[in-house]
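Please look over the sequence and the structure before reading the points below.

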Amino acid sequence: MLNGNLKLAIQKKGRLTEKSLQLLKNSGLEIEDYSERLIISARNYELDILFLRDDDIPEYVQDGVADIGIVGEDIIFEKKADVEILKKLGFGKCRLSLALPENNSLENINELNGKKIATSFPNILNDFLLKNNIKAKIIEISGSVEIAPSLGVADLICDLVSTGNTLKLNKLKKSFDVFDSQAALIMNKNLIENAEKYNILKDFLFRIESALKAKTSKYLMMNAPKNSLEIIKKIVPSLKSPTIVPLADETMVAVHAVIPSDEFWNIYKKLKEAGASGILLLPIENMIL
Ligand code: AMP
């Protein structure tokens, strides 16, 4: 498809697929039903979406088959892809950690010397061992890493952990953390030389950033006695300054402000104590600053 559109690679089927598509939709892109298609074009934007295995995305972007891609940092670093990371996207968060049999212990990182560690992430693990000056043997396994210690293949594993349930099932416990990962937007390093596509990318990135900002912010509204305004202004972590709207009751005002979503539960009690009532918290669809 040599149509001059920007080509974005995303995971075909997996943990990052839905959230990647949702981010595109939140950025104002209209995307038709993609089921079982390998490539689709956005209806209202110069963008083609390629659905690929996430393991392949860093290399396809590096080689220019796709111009940009959305993939986990774990895969980007493991594949040692020569691509530019444009933006961390705040979803697909996970952690690569070391784990060992429940009845063993590991107090100090130096105790890893001489051990055998099974992993599907040999490059990331190797970087971690080098950084910590540890000489351990890496056993590369492509899946079901958790069973390696019970099969006697390795002393420890290095794998992605979120809830820890899989570890528990396999009688393993988490030890040192090796790498924190989240989904990221990557770019082919030569894209900057293609003025047309680079211009599309700049606009696309602006839309993505606005959508991400909108997701982490909320619109707060409340009524408050005029004489509490100074205290309320101090409580509200507003973007710039809150909007104050007069009400029919001249002793009262409405206060509107954009706040970081996660601040709300820290401030709502203080707002009530200061006399605020009718407190509303609304989602923001998009945010251009
Ligand atoms: P999938 O192949 O569908 O399991 O997706 C794997 C990718 O999702 C990984 O490469 C990570 O970037 C990301 N991810 C997010 N949370 C987790 C998790 N708890 N376990 C494994 N991968 C995760």
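How far from an oxygen atom of the ligand does a polar side-chain atom of Gln11 lie? In this predicted model, the distance is 3.3 Å. The points below place that contact in its setting.

- Arg15 places a backbone N or O atom 2.8 Å from an oxygen atom of the ligand.
- Asp74 uses its side chain, where an N or O atom is 2.6 Å from a ligand oxygen atom.
- The protein buries 78% of the 480 Å² that the ligand exposes when taken alone.

**The shell around the ligand**
- There are 13 residues around the ligand, and those that come nearest are Gln11, Gly14, Arg15, Asp74 and Ser162.
- By class, the shell holds four nonpolar, five polar and four charged residues.

**Location of the ligand**
- The largest pocket is where the ligand sits.
- The ligand lies between domain 1 (6-92 + 183-214) and domain 2 (94-181), because both give residues to the shell around it.

**Domains of the chain**
- The chain is divided into three parts: domain 1 is 6-92 + 183-214, domain 2 is 94-181 and domain 3 is 217-283.
- Domain 1 is given as two segments, 6-92 and 183-214.
- Taken over C-alpha atoms, the centres of domain 2 and domain 3 are separated by 48 Å.

Terms used. Residues are numbered from 1 along each chain as its sequence is written. This is a predicted model: local features need pLDDT of at least 70, side-chain atom pairs count only at pLDDT 80 or more; totals for chains, interfaces and linings use all residues. Side-chain values use heavy atoms; hydrogens and water are left out. A residue is near a molecule or strand if one of its heavy atoms lies within 4 Å of it. A polar contact is a pair of N or O atoms within 3.5 Å; within protein, one must be able to donate a hydrogen and the other to accept it, and residues adjacent in sequence count only if both atoms are side-chain atoms. Accessible areas come from the Shrake-Rupley method with a 1.4 Å probe; for residues, only the protein chains shown count as cover. On a 1 Å grid over the protein atoms alone, a cavity is a set of points where a 1.4 Å probe fits but cannot get out, and a pocket is an open set with protein on both sides within 12 Å along at least five of seven lines; lining residues have an atom within 4 Å of a point. A molecule sits in a cavity or pocket if more than half of its atoms lie within 2 Å of its grid points. Ala, Val, Leu, Ile, Met, Phe, Trp, Tyr, Cys and Pro count as nonpolar, Asp, Glu, Lys and Arg as charged, and the others, Gly among them, as polar. Domain bounds come from an automatic or database domain assignment.
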